[in-house]
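Dear colleague,

I am passing on the structure below, together with some notes on what turned up in it. Please read them with the coordinates open.

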Amino acid sequence: MRSPAVLIVDDEAVHRETLTALLSNSGIVVTACERATDALKLLQQGRAFDLIFTDVLMPGMDGIEFAREARKLQPAVRIILVTGRDSAMDAVLGEGTVALLKPYTAATLNSVLMEHLGITV
């Protein structure tokens, strides 16, 4: 059985690195990008992911725009929009997309991962 592949897109290094370490230590294959445009290039090159974590507020292309573009390239990919504001909860990107409000607990993260990947960290 192959390990799940997760793409993390977050302009804040501390968030990106913490989530990368946590998921990697659980056997998940993690690719992390600082900018949505870099992550989009990976998808355009055919890289497949089981789950995408993307911050909503980022310079340049924001997480919601990125998620819409990612969904066009990989319609079945599950997407978690990570935000510090409730306003992103209104973003409708279709089934398989959820918003995770920062700061979130390990229990909340585990619940989301179990729901979307069938795993816990």
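To begin with a detail: which residue in S5 is the bridge partner of Thr83? In this model, which is a predicted one, the partner is Leu101. The strands concerned are S4, residues 78–83, and S5, which pair in the parallel sense over five bridges.

That pairing belongs to an open sheet of five strands, in which the pairing is parallel and the order reads S2-S1-S3-S4-S5. Strand S2 (29–33) and strand S5 (97–101) are the edge strands, and since each has a single partner strand, one side of each is left without a neighbour in the sheet. On average, and ignoring direction, neighbouring strands are turned by 20° against each other. Helix H1, covering residues 13–24, packs on this sheet, where it touches strand S1 (5–9), S2 and strand S3 (51–55), and its direction makes about 170° with that of S2.

As for the protein chain overall, it has four helices and five strands, and from the N terminus on its elements follow one another as β-α-β-α-β-α-β-β-α. Its radius of gyration is 13 Å, which agrees with the value near 14 Å that a compact globule of 121 residues would have, and the C-alpha trace spans about 30 × 30 × 30 Å along its principal axes. Of the 121 residues, 43% count as buried, while the chain exposes about 6,400 Å², of which carbon and sulfur atoms supply 52%. Finally, among contacts between residues at least 6 apart in sequence, 60% join residues at least 24 apart.

Methods. Residues numbered from 1 in each chain as written. Predicted model: local features only at pLDDT ≥ 70, side-chain atom pairs only at ≥ 80, totals over all residues. Heavy atoms only, no water. Pairing = 2+ DSSP bridges. Helix = DSSP H or I, 4+ residues; strand = E, 2+ residues; numbered from the N terminus. Axes fitted to C-alpha atoms, helices over the stretch in contact; angles between N-to-C directions. Contact = heavy atoms within 4.5 Å. Rg over C-alpha atoms; globule rule 2.2 N^0.38 Å. Buried < 20%, exposed > 50% of the residue type's maximum accessible area, 1.4 Å probe, protein only. Areas by Shrake-Rupley, 256 points an atom, 1.4 Å probe, with all protein chains shown as cover.
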